[in-house]
Amino acid sequence: MRCCTSPSWKSVSIAIVLIAVYAISTGAKAGNVSVLVQDKDGNPAPDAVVVVLVSGKGGTAKIPLPSQVTIYQEKMRFVPAISLVALGAKAQFVNKDPWEHHVRASAAGVAQFNAASGGGFELRLEGKSDGKPARAAEATFNQTGAVLLGCHIHGSMRGQVYVSESPWAVLTGADGIATLEQVPDGVVQIKVWHPDQLIDMPPQPYNVGAASAPLTLKLGVVPRRRRV
């Protein structure tokens with residue numbers, strides 16, 4: 001009598017298939033993407049939005065985009081000048097100046113305020129009184145794309161909110177570099193947006209892998225220097 005029996009070829013084959021399926025489902029590869037954005041003259045372009053479009057690959061961005069931001073009106077400026085948010089994000093606008101401001105969103109219709117339908121939104125914020133809290137109002141961004149912010153009273157005030165269609169999105173730093181982590185391997189599309197680039201740049205294909213080389217993209221303009 002034998003003390004044990006050898007597994008059949010059928011059972012071994014099933015085990016191999018199960019192991020392979022498990023490895024595929026739990027070990028999806030991901031890599032990092034590094035993009036240098038330059039202006040027309042070849043200088044680093046800060047505050048450019050870099051979006052990695054991943055189609056049907058799944059995965060989760062290491063750093064999720066904000067679902068809540070605060071944008072101040074201070075010294076006749078929107079601060080920060082550019083905000084990058086996820087679809088459905090809420091923004092709180094706060095007027096810290098002693099005079100009245102408006103918040104006028106672009107007529108592109110990429111946001112709505114107080115559940116009102118239609119294109120864009122407009123808010124009115126009274127000036128801050130001494131010893132009292134600053135006035136605030138909220139808006140929700142429910143469509144992807146760029147939102148241009150302005151003020152009816154003070155035409156020099158400009159700001160932008162970019163609502164990303166992808167969770168893999170980031171602003172370039174002072175060195176013009178954007179780094180995104182845990183991007184699924186394979187071919188993706190990389191899109192760059194800058195408020196001074198009036199003509200949208202076409203997305204560029206890029207192959208994400210363990211040894212992916214940094215990508216350099218150049219704007220067609222030299223961005224204006226922001227007032228500080």
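What is the mean pLDDT of the chain, and what percentage of its residues reach 70 or more? The mean is 83, and 81% of the residues get to 70 or more; pLDDT is the predictor's confidence in each residue, from 0 to 100.

You're looking at a predicted model, where local features need pLDDT of at least 70, side-chain atom pairs count only at pLDDT 80 or more, and totals for chains, interfaces and linings use all residues. Residues are numbered from 1 along each chain as its sequence is written, and side-chain values use heavy atoms, with hydrogens and water left out.

**Stop 1: the start of the chain**

Select residues 1–7. Here pLDDT stays under 50, and the model has 1 contact beyond four places in sequence for them. (A contact means heavy atoms within 4.5 Å.) Now pick residues 9–27: pLDDT is below 50 here too, with 1 contact beyond near neighbours in sequence.

**Stop 2: the whole chain**

Switch to a cartoon view. The chain has 1 helix and 16 strands; these are DSSP runs numbered from the N terminus, with at least four residues of H or I for a helix and at least two of E for a strand. Of the 228 residues, 36% are buried, meaning under 20% relative accessible area with a 1.4 Å probe, counting protein chains only.

**Stop 3**

Select residues 186–193, which form strand 14; 6 of its 8 residues are buried. (Two strands pair if DSSP finds at least two bridges between them.) Find Leu 53 and you'll see Gln 189 of strand 14 opposite.

Look for Val 188, whose bridge partner in strand 15 is Tyr 206.

**Stop 4**

Which order do the strands take in the open sheet of 5 strands? They run 5-11-10-7-8, with mixed pairing. Select 82–86 (strand 5) and 122–125 (strand 8): each stands at an edge with a single partner strand, so one side of each has no neighbour in the sheet. From one strand to the next, the twist averages 20 degrees, using lines fitted to C-alpha atoms as axes and angles from 0 to 180 degrees between N-to-C directions.

Finish with residues 101–105, strand 7, which runs antiparallel to strand 8 and is joined to strand 8 by 4 bridges. Click on Arg 104: opposite, in strand 8, is Glu 122.

Terms used:
Buried means under 20% relative accessible area, exposed over 50%, partly exposed in between (1.4 Å probe, protein chains only).
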